[in-house]
Amino acid sequence: MKKPTTLIRKVLMECPICDKTHEVEERKRIVKTIIKGKEIECEDRYYYCRNAKNKDECEFVNGSMLNKNLMNGRNAYREKYSLLTSNEIVEIRENYGLTQVDLARLLGWGEATIARYESKAIQDEAYDNILRLIKEDPLCALLFLKKNGDKFDDTKRAEIREKILDKMDLYGKEYLTRQTFKGEYVGYEGESDYNGFTKLDIDKIEAAISYIAEKVPNLYKVKLMKMLWYSDVISFKNYGHAITGLVYKHNTMGALPVGHYSMMNLENLNVDEEESANYDSKFHIYPSKNMDYSVLSDEDILVLDKVIEKFSNYKAKDIVKYMHEEKAYTETEDGDIIPFSLAKEIRKF
């Protein structure tokens with residue numbers, strides 16, 4: 001059975017199939033391929049000539065498209081096995097203002113190592129862990145500079161140090177709040193039924209919250225917590241994995257994420273603590289400026305939009321009441337973790 005294809009655009013070019021210049025169709029599809037002995041599904045792009053006499057020979061790719069397809073496959077492998085993608089490695093390097101050679105020297109690696117990881121090679125877990133260290137903590141980058149600083153001249157070493165110190169100032173509060181939040185998930189680090197088979201992803205949590213806040217007026221914490229639960233559950237139901245990696249517990253107000261107090265303190269969130277009419281504190285959530293929504297996949301966006309469409313006009317008490325009628329709530333007790341296998345049985349919207 002042939003995989004379904006999607007037409008992206010039509011391109012005027014010299015076609016190698018029929019040796020004529022005409023419009024060919026650029027298409028994409030999902031294919032299965034073997035990478036490092038593992039079967040991976042990834043996006044594959046190709047050109048299609050409608051003038052081809054032999055319909056079994058109507059597809060072709062050029063060099064740049066072939067390279068992009070190979071990169072798609074490698075990044076799909078990385079995502080499946082929780083490794084940084086090539087784009088994420090580029091982002092780490094650019095975040096510190098480093099060239100490929102600079103970053104390799106900083107980490108004490110061969111000078112071509114980063115170039116290979118950004119183009120064709122897949123890093124092993126040990127190298128990936130080191131890259132994650134400097135991504136999440138500029139102090140680690142400073143320690144590497146102290147260790148490998150002799151690989152740079154004085155001017156370059158001073159430039160890199162200044163850049164790292166700038167990042168330490170910028171990331172200081174965010175790093176501390178993230179570490180506090182992560183600490184609440186020490187017991188849930190592996191992929192399981194508790195977290196929807198998704199490791200905690202703070203970048204996605206921040207992006208999802210800001211995205212919801214952009215679409216939902218007067219968004220407060222109680223309503224947000226339920227919308228996050230429904231978003232994760234629908235993603236699990238449709239695609240086999242949650243969006244955020246949050247773990248939810250049964251609470252009198254419905255599903256509530258583990259570490260929700262710490263989560264509201266994340267520096268990249270725009271949260272205003274207000275006083276209610278009866279003098280209780282309540283958290284008003286606003287969109288965050290310059291939030292990076294690229295961390296959310298197309299699937300994530302579809303799910304979030306579906307939840308927003310359903311609950312945008314609900315009051316907090318209404319969404320709590322709606323959630324109270326879910327099997328995931330009625331079959332768990334106060335303080336219980338709500339397993340995603342049970343939450344998967346939510347009512348249809």
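What covers the buried residues of α2? Let us work towards that helix step by step.

The structure above is a predicted model, in which local features need pLDDT of at least 70, side-chain atom pairs count only at pLDDT 80 or more, and totals for chains, interfaces and linings use all residues. Residues are numbered from 1 along each chain as its sequence is written, and side-chain values use heavy atoms, with hydrogens and water left out.

We can begin with the whole chain. It has 14 helices and 9 strands; these are DSSP runs (helices: H or I, at least four residues; strands: E, at least two), numbered from the N terminus. The C-alpha trace spans about 75 × 60 × 35 Å along its principal axes. Of the 349 residues, 44% count as buried. Here buried means under 20% relative accessible area, exposed means over 50%, and partly exposed lies in between (1.4 Å probe, protein chains only). The accessible surface of the chain comes to about 19200 Å², and 47% of this belongs to carbon and sulfur atoms. Such areas come from the Shrake-Rupley method with a 1.4 Å probe; for residues, only the protein chains shown count as cover. Contact means heavy atoms within 4.5 Å. Among the contacts in the chain with a separation of 6 or more, 61% are made by residues 24 or more positions apart.

Now find helix α2, residues 86-95, where Ser86, Ile89, Ile92 and Arg93 are buried. Seen down the axis of α2, its buried residues fall within an arc of 120 degrees, so they line one face of the helix. That arc is the one formed by the directions from the helix axis to the C-beta atoms. The cover over these buried residues includes α1, α3 (100-106), α4 (113-119) and α5 (125-136). On the face turned away from the buried side, α2 carries the exposed residues Asn87 and Glu94. After α2 comes Gly97, whose phi is positive, near 65 degrees. Glu162 is found in helix α7 (residues 154-183) and is exposed, with a relative accessible area of 53%.

Helix α1 (residues 63-80) contains Leu70, which counts as partly exposed at 41% relative accessibility. Together with Val61 and Leu66, Leu70 makes a nonpolar surface patch of about 230 Å². Patches are made of residues with over 30% relative accessible area and no salt bridge; like charges are joined within 9 Å, and nonpolar side chains (Val, Leu, Ile, Met, Phe, Trp, Tyr) within 5 Å.

Next, turn to strand β2 (residues 20-35), where His22 lies. His22 is buried, with a relative accessible area of 13%. Leaving aside neighbours within four places in sequence, His22 is in contact with Val11, Leu12, Met13, Cys15, Cys49 and Asn51.

Glu26 lies in strand β2 and Arg45 in strand β3 (residues 38-48), so the pair ties together parts that are 19 residues apart in sequence. Glu26 is buried at 5% relative accessibility, whereas Arg45 is partly exposed at 23%. Both belong to a network of salt bridges that links Arg9, Glu26, Lys28, Glu43 and Arg45. Arg29 and Asp44 also meet in a salt bridge (3.2 Å, N to O), and this pair links β2 with β3 over 15 residues.

Finally, look at the cysteines. A disulfide is a covalent bond between the sulfur atoms of two cysteines. Here it is counted when a pair of cysteine sulfur atoms lies within 2.5 Å, and the structure holds 0 disulfides. Take Cys58, which is buried with a relative accessible area of 3%: the closest cysteine sulfur, in Cys49, is 7.7 Å from its own sulfur, too far for a bond.

Notes: A salt bridge is a side-chain nitrogen of Lys or Arg within 4 Å of a carboxyl oxygen of Asp or Glu.
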